[in-house]
Amino acid sequence: MTVERIFDELGHFKRFQACLYFAAVFQSISCGIHYLASVFLVETPNFVCNISGNITDVLLGNLTGLTVEEVLPFFKAGSGPMVVRTTEGQQWELSRCQRALRLDPLDFAYLFSGNKTVEACAGNFLYDHSEVQQSIVTDWDLVCEKDWLAKLCQPTFMFGVLIGALVFGDIADRVGRVRILMFTSLCQFVVGVCVALSGNYYVFIVLRFLLAMVSSGYLVVVFVYVTEFTGIRVRTWTSMHVHAAFAVGVMVVALMGYLVRVWWIYQIILSLCTSPFLLFCWKFPETPFYLIAKGRFQDAQTLLDTIARVNGLECRLRAEDLLETTEQNGVPLLEQETGQQNENVEKKQSILDLFRTWRMAWRTLTVWSIWFIGSLGYYVFSLGSVNLGGNQYVNLFLAGAVELPSYLVGCYAMDRIGRKKTCAPALLLAGVACMLIIVVPGDIEPLAIALSMTGKFAIAIAFGLIYLYSCELYPTVIRSLAVGSGSMMCRVGSVVAPFCVYLAEVWTFLPQLIVGILAFVIGVLTLLLPETLGQPLTTTMEEAEALGRAPVKKSALSTKGAGGDGLEMKRAASEA
């Protein structure tokens, strides 16, 4: 008997598991919120260099006004300066990062061919508050020579995501999943509010880095938590739809960004969105996998009895029995398997084993590429949606909403036509959508937005299924290592994504071009991977290498140890 027997006896996804699942996934919304909140936190409104003195007249091309605020919404970078006249009779040409004083002008006109004195703005700017009332850019003047500080906010956050995944994933295996869920949830609320109260840019960056760590920690651990509370029959669906809660968080960001235009109020409201979770998360039980693995059989038995009672079933399981197996040649099978695994780990568990043969090396590079482009494409489509034209709030909302059907389609397709035949077409579709965006005429914004949403839909499918696909492509002895290393490539993609979005300043469609080419090429390479649908999990390197080449012959032990494979997949998810 194995731990997986719990779900055969007490239900794979009945009342108890459903309540826990939706409660735990509810807090995942906050992860989506904090990951994308910077879209509006660091939004840069239209601005122009300011001057001292009272302004009486303003010229901008053919436009005239009495104040800069009247004309500023029409001012565009690179379209020519804004000309103003003060009560002292001085005439200034105002640009974004410099101003020029006209010397001895004859009359007040937009064009001037005389001499000018040019000087820097010296931190004196005037912002257009018609769209953005307050952001950290307007509060701390993160423009011109300081604009790189604003652009650094999202990459540093993503670096915190990488560190948090490493730190909390390891701690959760040591102290338990529930303690980490409670700690990271509380920290998301407390640190999120502290971000809103930041007194300067550097405090803001440090607090956002810490917020990234705890948000990433929660997302990693909740994936393991729900996996260990749901049976194998529904595990694909439950793990995929953790991502759906993240997408809801993206939609909440868009809604709050539209309703609240003051960044610190916006940040506080976002931090409060999932605070009700703190009222009941302390009642969450530890997972049966963790309790039994740590030898806490009495606590595990109490949990099993509770699950049975809530699900309306009779509990006939004993926690101590879940680790017992039949004997073969006088030796318990569990001990045989453990001994074999320990020996294999000592001999083989090295990242070099991912490249042990040309076949495995090619597979590893392809899988890593899928992890990378999945993360890169996801965040480029999300962060770049506000630059597509039209209403930026609607664009971001759609970028989150389009993920919900993508996970439904992905789950259905991967269990019907296969993992490879779902992942590869999804990446190819994302690549084609990116290329088509480039050739769409600039005056057809709805078509460009529709293509971007199509790309986001496709990349979300590939991004969602690569977790499970990676587990199935590698044997037990290096499965955790394979998924963990792939997850690291995913984090690298998320760190690179903001810089890729900023390349739009060089050429509007450069981010789409990069993602499109990579997605298409990697989609073609994915077609060369073996199909794993319907295949048992492999336990040795030889079996893994034989995937897609010949039927995999499972030993008597591995066919009887399906629950053990489930445990390995759980451990792999924890490492990721």
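1. A quick definition to start: contact here means heavy atoms within 4.5 Å. Helices (H or I, at least four residues) are DSSP runs, numbered from the N terminus. This is a predicted model, where local features need pLDDT of at least 70, side-chain atom pairs count only at pLDDT 80 or more, and totals for chains, interfaces and linings use all residues. Residues are numbered from 1 along each chain as its sequence is written, and side-chain values use heavy atoms, with hydrogens and water left out.

2. Have a look at helix 19 (residues 403-416) and helix 21 (residues 445-473): their axes (lines fitted to C-alpha atoms over the stretch in contact, with angles from 0 to 180 degrees between N-to-C directions) come within 8 Å and cross at roughly 50°. Helix 19 and helix 21 are therefore oblique to each other (under 35 degrees counts as roughly parallel, over 145 as roughly antiparallel, 65 to 115 as roughly perpendicular, and the rest as oblique).

3. Who touches whom there? From helix 19 come E403, P405, S406, Y407, V409, G410 and M414, and they meet K456, F457, A460, I461, G464, L465 and L468 of helix 21. By class, that contact has 9 nonpolar, 3 polar and 2 charged residues (Ala, Val, Leu, Ile, Met, Phe, Trp, Tyr, Cys and Pro are nonpolar; Asp, Glu, Lys and Arg are charged; the others, Gly among them, are polar).

4. Helix 19 also packs with helix 18 (residues 392-401), at about 15° and with the axes 5 Å apart. Helix 18 and helix 19 are therefore roughly parallel. A399, G400 and A401 of helix 18 touch E403, L404 and P405 of helix 19, a set of 4 nonpolar, 1 polar and 1 charged.

5. Helix 2 (residues 15-36) packs with helix 15 (residues 297-310) at about 105°, axes 7 Å apart, so helix 2 and helix 15 are roughly perpendicular. R15, F16 and Q17 of helix 2 make the contact with L303, T306, I307 and V310 of helix 15.

6. Now the charges over rings (NZ of Lys or CZ of Arg within 6 Å of the ring centre and within 35 degrees of the ring normal). K456, one of the helix 21 contact residues, lies over the face of Y378 at 4.5 Å from the ring centre. R99 does likewise with W92, at 5.9 Å.

Note on methods: Helix = DSSP H or I, 4+ residues; strand = E, 2+ residues; numbered from the N terminus.
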